[in-house]
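Please read this briefing beside the sequence and the structure shown below.

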Amino acid sequence: MRLTLEAARTLALAAQGLDARPRKKATKQDVLAAIRRMGALQIDTIHVVARSPYLVLWSRLGDFPPSWLEELLAEGKLFEYWAHEACFLPVEDFPLYRHRMFEAAGMGWKYSRALMAKRDEVERLLATVRERGPVRSADFERTDGRAGGWWEWKPEKRMLESLFTAGELMIARRERFQRVYDLRERVLPQWDDARLPPREEADRALVLQAVRALGVARPRWVADYFRMPKRTTPAVAARLADEGALLRVEVEGWPEPAYLHPDHRGTAERAAAGEIRPRLTTLLSPFDPLVWDRARGRELWGFDYRLECYTPAPKRRFGYFVLPVLRRGALVARLDPKAHRREGVFEVRALHLEPGVRATAGLVDDLARALRECAAWHGTPEVAVGASDPPELAARVRAALAAA
């Protein structure tokens, strides 16, 4: 099968559920189905707008209660672990990640290597969890005299995170987005390590999931999706293709064959025939699976993106937490938002069209509609648009918002 680049983009959107919004109002089961479709929902705590996992789901489902995500975690339908990064994952995939827990010290998590050196302290912490039940980091008083902050975790927090990475603790639920830790056997009592699949089988399953989630995948994209080894994963994908578990396809402009999951054969054929027209216009989180691999974004979409929240303010080009704008199959703009929840205002500090994108009447209307929907979901019904590039775009979007 041969695909144009446009058809490859369409297939990527369809695989991620970003080609069109569901016609019916979302249910909690739809939230779980969306996570299963993506394979992983990345967690991030920045909340100038809704935190990333909620925003990723809204991009696909539209209006839904964010509490459903925590409910699914507390109900045992999801678990948390390191996939692409820290992620919510379908609980049925726990066996595929159990090997990583046994190899936690080799995952680059510096605190895991220190666990054995402080085993007495670790055992006391585990005894506390056994006796008291689930705990938060906040339940332990800071005693080391440090002020705290992202990189100054107190010892108990470091131990909790290390035990989580090693699979001795799991996240039982979240309270105001804070992790609540409990013993693995209490969070997942049905699991027995005797059921652990061989490592090779788990890796094959993750490669198949990655290719299905990507829609169409160049070999080097596959390893990034679930942070698998870059050296060995391409060979796993090649073997799966040789066996027929994956399909090889040619994509216009790509030097090597790409991979397609058999589940997407029919979608790929319709995309190749021009029978699928993406209709969705929405805002994306910087940690959305569609764009979290910046190199893939450049190669597939021509979208050069950098998250600037860690860049000093004077050096930022676009803004603190810039959201890509997806419109009908293309990444057409980026905007710097802030939800002022008390005031009921969704502020767009700056709005930038991508190079070569024309500000047509249709694009302006689509942008205004996406902003209204996102603002309403945030509980900030007033949308305030500031600067833009081109300069006249802001006034046109304001007019479209007012005309609704």
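At 1.5 Å a residue, helix H1 (residues 5-16), with its 12 residues, should span 16 Å, and because its end C-alpha atoms lie 17 Å apart, the two values agree. The expected span used here is 1.5 Å times one less than the number of residues in the helix, and helices (H or I, at least four residues) and strands (E, at least two) are DSSP runs numbered from the N terminus. This is a predicted model, in which local features need pLDDT of at least 70 and side-chain atom pairs count only at pLDDT 80 or more, while totals for chains, interfaces and linings use all residues. Residues are numbered from 1 along each chain as its sequence is written, and side-chain values use heavy atoms, with hydrogens and water left out.

- H1 is mostly covered, since nine of its 12 residues are buried, where buried means under 20% relative accessible area, exposed means over 50%, and partly exposed lies in between (1.4 Å probe, protein chains only).
- Among the buried residues of H1 are Ala7, Ala8, Thr10 and Leu11, and just after the helix, glycine 17 takes a positive phi of about 75°.
- The axes of H1 and helix H10 (residues 199-214) come within 6 Å and cross at roughly 115°, axes being lines fitted to C-alpha atoms, for helices over the stretch in contact, with angles running from 0 to 180 degrees between N-to-C directions.
- That angle makes H1 roughly perpendicular to H10, a class that covers 65 to 115 degrees, whereas angles under 35 degrees count as roughly parallel, over 145 as roughly antiparallel and the rest as oblique.
- Ala12, Ala15 and Gln16 of H1 meet Arg212, Ala213 and Leu214 of H10, with contact meaning heavy atoms within 4.5 Å.
- Sorted by class, this contact of H1 with H10 has four nonpolar, one polar and one charged residues, where Ala, Val, Leu, Ile, Met, Phe, Trp, Tyr, Cys and Pro count as nonpolar, Asp, Glu, Lys and Arg as charged, and the others, Gly among them, as polar.

**Packing around helix H2**

- Helix H2 (residues 28-38) and H3 pack at an angle of about 100° with their axes 10 Å apart, and they are therefore roughly perpendicular to each other.
- On the H2 side this contact is made by Asp30, Val31, Ala34, Ile35 and Met38, and on the H3 side by Val56, Leu57, Arg60 and Leu61; by class it has seven nonpolar, no polar and two charged residues.
- H2 and H4 pack at about 75°, again with axes 10 Å apart, and the contact joins Lys28, Val31, Leu32 and Ile35 of H2 to Trp68, Leu69, Glu71 and Leu72 of H4.

**The nonpolar core**

- The largest nonpolar core has 135 residues, and those with the most contacts inside it include Leu57, Phe64 and Tyr97; such a core is a set of buried Ala, Val, Leu, Ile, Met, Phe, Trp, Tyr and Cys residues joined through side-chain atoms within 4.5 Å.
- Helix H15 (residues 361-378) gives the most to this core, with eight residues, and its 18 residues reach 26 Å from first C-alpha to last, close to the 26 Å expected.
- Phenylalanine 64 is found in the loop between helix H3 (52-61) and helix H4 (67-74), and it counts as buried because its relative accessibility is 3%.
- Leaving aside neighbours within four places in sequence, phenylalanine 64 is in contact with Ala26, Val31, Tyr54, Leu57, Trp58 and Trp377.

**Backbone details**

- Most residues other than glycine have a negative phi, and most peptide bonds are trans.
- A cis peptide bond, with omega about 10°, joins aspartate 389 and proline 390, and proline 390 lies in the loop between strand S13 (382-389) and helix H16 (393-403).
- Arginine 176 has a positive phi of about 50° although it is not a glycine; it is found in the loop between strand S5 (169-175) and strand S6 (178-183), and at 83% relative accessibility it counts as exposed.
- Arginine 227, also not a glycine, has a positive phi of about 55°, and with a relative accessible area of 38% it is partly exposed.
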